[in-house]
Number of protein chains: 2
Amino acid sequence: PGAAGGVKYIPKMSEAEVRSVIDDLKAELEHSDRLLPGGYLFMTDLLGNPDLVNRVGKVFASAFADQQIDVIMTVATKGISIAHAIARHLNVPVVVVRRDSKVTEGSTVSINYVSGSSRRIQTMVLSKRSMKSGQRVLITDDFMKVGGTMNGMKNLLEEFDCQLAGIAVLVEAEHADETLVDDYYSLVKLHEVNEKDRTIALSEGNYFSKRGNDK
Amino acid sequence: PGAAGGVKYIPKMSEAEVRSVIDDLKAELEHSDRLLPGGYLFMTDLLGNPDLVNRVGKVFASAFADQQIDVIMTVATKGISIAHAIARHLNVPVVVVRRDSKVTEGSTVSINYVSGSSRRIQTMVLSKRSMKSGQRVLITDDFMKVGGTMNGMKNLLEEFDCQLAGIAVLVEAEHADETLVDDYYSLVKLHEVNEKDRTIALSEGNYFSKRGNDK
């Protein structure tokens with residue numbers, strides 16, 4: 001049942017096509033001018049590039065083409081473009097979790113969660129009308145470290161009696177703590193950022209290894 | 001110069017196609033269950049519908065197909081899906097203005113502006129890396145009343161020495177005050193919301209009348 005109620009044609013990408021998307025991402029992310037104070041990487045331009053975002057969406061849509069996905073969920077703001085790209089290829093709607101409640105959302109469901117890195121209590125809200133119980137939801141975001149935000153969205157799903165169908169992350173970052181979610185796809189893995197030498201160590205994410213295991 | 005540096009093929013929509021998009025929007029927005037306290041309309045589901053958003057993007061891309069557009073600008077959160085849909089058809093990048101500064105944005109430019117309806121001073125920020133001076137920018141959002149937010153984005157453009165190429169709004173709302181921006185396209189116009197009778201009065205926006213004038 002697609003968003004438009006029409007026929008669902010989901011393009012599958014060849015391994016070579018997926019690899020070229022991952023290689024392009026890695027080449028872009030390796031530029032030292034992406035380094036931000038605190039070891040963050042500037043990725044906003046990539047998330048605003050419609051061609052790249054479309055290809056990323058197609059990669060993740062391919063991975064979930066054989067599964068029932070009813071909704072793509074992300075959290076405002078930076079994951080929205082990827083969520084829409086996946087949704088367009090799977091022909092399902094996008095729901096956007098927010099940090100704050102707005103009058104234009106109508107009644108909302110709100111949960112508290114612990115952010116992975118800072119261990120702070122944070123809030124996320126989602127319009128009550130966003131999802132129906134029993135729907136299978138694919139969660140996506142641009143970046144994941146410990147996975148606190150992902151875990152928050154997972155908890156929010158439960159409030160709607162929905163099921164987690166999968167997690168798709170553009171860039172995952174290596175870290176010392178235990179990751180709060182374990183069943184996810186990533187395209188790129190960020191190993192280390194050296195602010196002094198201005199170097200960024202990246203590798204391919206778990207996309208191919210996980211696909212191999214899932215088959 | 002598209003985002004991908006490739007050839008720019010911009011699809012133009014026939015008047016009948018545009019009219020069907022506007023009619024679908026009106027039919028959707030007329031449902032009384034969209035009424036929210038304070039006379040707002042629930043539109044979040046429409047902005048999360050990839051097929052509808054894609055068609056809206058194509059309508060606005062058609063309107064600006066003959067002009068030089070370098071960047072699509074919107075403000076977080078609800079205009080992002082439309083901005084990306086336009087951007088994909090015009091093959092140019094999207095920049096997202098935020099209410100708050102985040103470390104992942106790097107250095108930012110911040111301005112204050114007066115919101116149209118509440119007359120409150122608000123802030124908007126945009127990453128310094130988002131735009132180069134001289135670029136021609138198309139601004140878009142899901143909803144416009146007095147136009148305070150649009151006017152804020154217009155002022156932000158000036159800080160980047162960029163030029164306003166146009167404004168594209170999904171739904172404009174009738175109001176008593178003077179509109180702060182005058183050169184814009186809208187697809188639907190909201191005339192009146194009656195919370196007691198639970199009725200919503202809508203008409204076609206200015207898209208066709210403005211296109212006629214611009215030719």
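Colleague: What makes β3 (residues 71-75) and β4 of chain A a pair of strands?

Modeller: In this predicted model, 4 bridges join β3(A) to β4(A); strands pair if DSSP finds at least two bridges between them, so these two qualify. The two strands run parallel. Residues are numbered from 1 along each chain as its sequence is written, and chains are lettered from A and ligands numbered from 1 in the order in which they are written. Local features need pLDDT of at least 70, side-chain atom pairs count only at pLDDT 80 or more, and totals for chains, interfaces and linings use all residues, while side-chain values use heavy atoms, with hydrogens and water left out.

Colleague: Which strands of the open sheet are called edge strands?

Modeller: The sheet has 6 strands in the order β4-β3-β7-β8-β9-β10 (chain A), with mixed pairing. Its edge strands are β4 (94-97) and β10 of chain A, each pairing on one side only. From one strand to the next, the twist averages 25°. Helix α1(A) packs on this sheet, touching β8 (163-173), β9 and β10 of chain A, where contact means heavy atoms within 4.5 Å. The direction of α1(A) makes about 170° with that of β10(A), on a scale from 0 to 180 degrees between N-to-C directions. Helix α3(A) also packs on the sheet, touching β8 and β9 of chain A, and its direction makes about 125° with that of β9(A).

Colleague: Why is strand β7 (residues 136-144) of chain A described as largely enclosed?

Modeller: Buried means under 20% relative accessible area with a 1.4 Å probe, protein chains only. In β7(A), 7 of the 9 residues are buried, so the rest of the structure largely encloses this strand. On one side, 3 bridges join β7(A) to β3(A) in parallel, A:Ile72 having A:Leu138 as its bridge partner. Strand β7(A) also pairs with β8(A), again in the parallel sense, over 8 bridges.

Colleague: What is the handedness of the crossover from β7(A) to β8(A)?

Modeller: With the strands pointing away from the viewer, a right-handed path over the helix runs clockwise. A:Ile139 has A:Ile167 in β8(A) as its bridge partner. Between the two strands the chain passes through helix α5 (residues 148-159) of chain A, and this β-α-β crossover is right-handed.

Colleague: Why do the buried residues of α6(A) count as lining one face?

Modeller: In helix α6 (residues 207-214) of chain A they are A:Tyr207, A:Phe208, A:Lys210 and A:Arg211. Seen down the axis of α6(A), these fall within an arc of 165°, so they line one face. Their cover includes α1 (15-29), α3 (50-63), β9 (185-194) and β10 (199-204) of chain A.

Definitions and conventions
Buried < 20%, exposed > 50% of the residue type's maximum accessible area, 1.4 Å probe, protein only. Arc of directions from axis to C-beta.
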